[in-house]
Amino acid sequence: MFFRPTICLAAIILATAAFAGEQRTGAAPAAAVAPPIASVPPLVASPAQLALARAVLVDSGVASSFRLIIPQYLEQIALSVTRTRPDMVPDLNLVLAAVRPEFDKKVDEMIDSAAQLYTQRFSPKELEDVAAFFKSPSGRKYVGMLPVLMSDMFVAMQAWSQKISVDMMSRVREEMRQKGHEL
């Protein structure tokens with residue numbers, strides 16, 4: 001299996017968000033919870049807040065995960081096209097190399113969007129605290145260890161989810177059997 005850190009990061013972020021949603025609502029599972037509706041217009045962040053949020057994104061490693069997406073997409077395009085048209089490999093490689101800088105620049109758009117989101121969720125003082133953490137020795141170690149931890153968690157999550165799936169189906173079958181239904 002080929003491990004893609006951004007996909008794993010996205011899965012963990014989504015799982016964390018789903019868990020947080022379940023904790024807040026206390027009722028329906030995350031899949032049944034409607035996405036929040038933005039009723040309050042976003043506040044306009046100061047340039048200093050945005051710069052601090054960008055620093056947090058860069059120092060935390062989040063920005064580098066955005067940067068991984070461009071080569072992954074280009075690789076997927078190459079595999080898709082050359083699988084059926086191997087004669088195009090030389091020209092396609094030239095085209096992909098030529099368009100990559102254009103799309104590398106678009107990563108800054110995502111970093112700017114994420115920085116805006118950070119300023120909506122964190123006060124200036126909180127952003128300063130988070131930035132200080134990621135500049136500290138512990139913060140730098142955290143960022144350095146994150147790829148290893150994500151890989152380890154991915155493996156652990158696969159085993160855990162497989163076991164939970166089997167255990168859950170067994171329990172549902174057992175409960176349905178008690179109600180007179182065979183699954």
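Is Met-157 buried, partly exposed or exposed? I looked this up in a predicted model, and Met-157 is partly exposed, its relative accessible area being 32%.

**Entry 1: nonpolar patch.** I placed Met-157 in helix 7, which covers residues 137–178. I then found Met-157 listed in a nonpolar surface patch with Trp-160, Ile-164, Met-168, Met-169, Val-172 and Leu-183. Together these residues have about 660 Å² of accessible area.

**Entry 2: aromatic rings.** I noted 4 aromatic pairs in the structure. For Phe-133 and Phe-134 the ring centres are 5.1 Å apart and the planes stand at 65°, so I logged the pair as edge-to-face. The cut-off for that label is an angle over 60 degrees. For Phe-134 and Tyr-142 I read 6.1 Å between centres and 50° between planes, so this pair is tilted. Phe-133, Phe-134 and Tyr-142 make up one aromatic cluster. Phe-134 is buried at 13% relative accessibility, whereas Phe-133 is partly exposed at 35% and Tyr-142 is partly exposed at 39%.

**Entry 3: Gln-49.** Which residues does Gln-49 touch, leaving out those up to four places away in sequence? I found Thr-119, Pro-124 and Leu-127. Gln-49 sits in helix 2, residues 47–60.

**Entry 4: salt bridges.** How many salt bridges does the count come to? I have 11. One of them joins the side chains of Arg-54 and Asp-108, at 3.7 Å from N to O. This pair links distant parts of the chain, with Arg-54 in helix 2 and Asp-108 in helix 5 (residues 107–121), 54 residues apart. I logged Arg-54 as partly exposed at 26% relative accessibility and Asp-108 as partly exposed at 32%.

Next I looked at Lys-125, which forms a salt bridge with Asp-129, their closest N and O atoms lying 2.7 Å apart. Both residues are in helix 6 (residues 124–135), with 4 residues, or about one turn of the helix, between them. Asp-129 is partly exposed at 40% relative accessibility.

I also looked up Glu-175 and Arg-171, whose side chains meet in a salt bridge at 3.0 Å, N to O. Glu-175 and Arg-171 are 4 residues apart in helix 7, so about one helical turn separates them. Glu-175 is partly exposed at 34%, and Arg-171 is partly exposed at 43%. Last, I noted a network in which salt bridges with shared partners join Arg-54, Arg-67, Asp-108 and Asp-112.

Technical notes:
Residues numbered from 1 in each chain as written. Predicted model: local features only at pLDDT ≥ 70, side-chain atom pairs only at ≥ 80, totals over all residues. Heavy atoms only, no water. Phe/Tyr/Trp six-rings, centres within 6.5 Å; stacked < 30°, edge-to-face > 60°. Buried < 20%, exposed > 50% of the residue type's maximum accessible area, 1.4 Å probe, protein only. Helix = DSSP H or I, 4+ residues; strand = E, 2+ residues; numbered from the N terminus. Contact = heavy atoms within 4.5 Å. Patch = residues over 30% accessible without salt bridge, like charges linked within 9 Å, V, L, I, M, F, W, Y side chains within 5 Å. Areas by Shrake-Rupley, 256 points an atom, 1.4 Å probe, with all protein chains shown as cover. Salt bridge = Lys/Arg side-chain N within 4 Å of Asp/Glu carboxyl O.
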